[in-house]
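Here is a quick tour for anyone meeting this structure for the first time. Have a look around before reading on.

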Amino acid sequence: MSDVPERWTQASVYPDMWADPDKDPRNNEGASPDGELATLQDYLTNYRLTLRMKCEGLDPEQLARRSVPPSTMSLLGLVRHLAEVERDWRNWVVPGDPAPKLYGARDADFEAAAAEQALVDGAFADLAREQAATDAALAEYADLGERVGRDGIAVRELWIHRIEEYARHCGHADLLRECVDGRVGQ
């Protein structure tokens with residue numbers, strides 16, 4: 001018997017999907033959002049949902065399971081990392097001293113992602129809080145071309161970088177989840 005899980009999906013309509021269209025919270029029936037900001041917000045919302053979906057139904061050990069050595073990447077590490085990233089990008093916008101790191105220096109967000117329920121609950125709470133705070137900070141700027149922060153970064157660039165960060169890590173989450181229990185789908 002192999003330690004490699006068998007590939008599977010819950011979807012029955014399209015076998016390469018994570019869920020059937022009528023059960024997928026990312027499924028937008030109808031017209032796409034109007035306007036650039038609404039489009040950016042929609043993409044970010046869907047990538048955030050994708051990350052949560054990739055983590056659903058797993059216990060702390062599965063969430064903390066590392067990918068392949070020497071990588072320290074795990075689904076729990078990704079959740080912690082994205083909470084840290086949200087805070088970091090907000091630090092670029094909000095005046096004053098930057099908020100301190102959530103999990104410590106360097107790669108502590110990944111390295112200290114242990115299989116403990118309290119750490120899992122804390123990571124998801126941190127992520128939700130940091131997402132809301134960064135969303136609120138960026139909501140102050142209706143003009144996506146406005147330059148903000150000490151480095152004068154365009155608000156548009158901050159939105160796009162956040163989308164890129166989630167998209168890249170959702171790709172990692174696809175592979176991590178498949179390694180954990182064999183579940184596949186976009």
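## A charge over a ring

Which residue lies over the face of Tyr103? That would be Arg80, at 3.9 Å from the ring centre. Arg162 has its charged end over the ring of Trp159, 5.0 Å from the centre. Here, a charge sits over a ring if NZ of Lys or CZ of Arg is within 6 Å of the ring centre and within 35 degrees of the ring normal.

## What you're looking at

This is a predicted model, where local features need pLDDT of at least 70 and side-chain atom pairs count only at pLDDT 80 or more, while totals for chains, interfaces and linings use all residues. Residues are numbered from 1 along each chain as its sequence is written, and side-chain values use heavy atoms, with hydrogens and water left out.

## The overall build

You'll find six helices and two strands in the chain (DSSP runs: H or I of at least four residues for helices, E of at least two for strands). Starting at the N terminus, the order is α-α-α-α-α-β-β-α.

The C-alpha trace spans about 55 × 45 × 25 Å along its principal axes. As for burial, 41% of the 186 residues count as buried, meaning under 20% relative accessible area with a 1.4 Å probe, protein chains only.

How values were computed:
Buried < 20%, exposed > 50% of the residue type's maximum accessible area, 1.4 Å probe, protein only.
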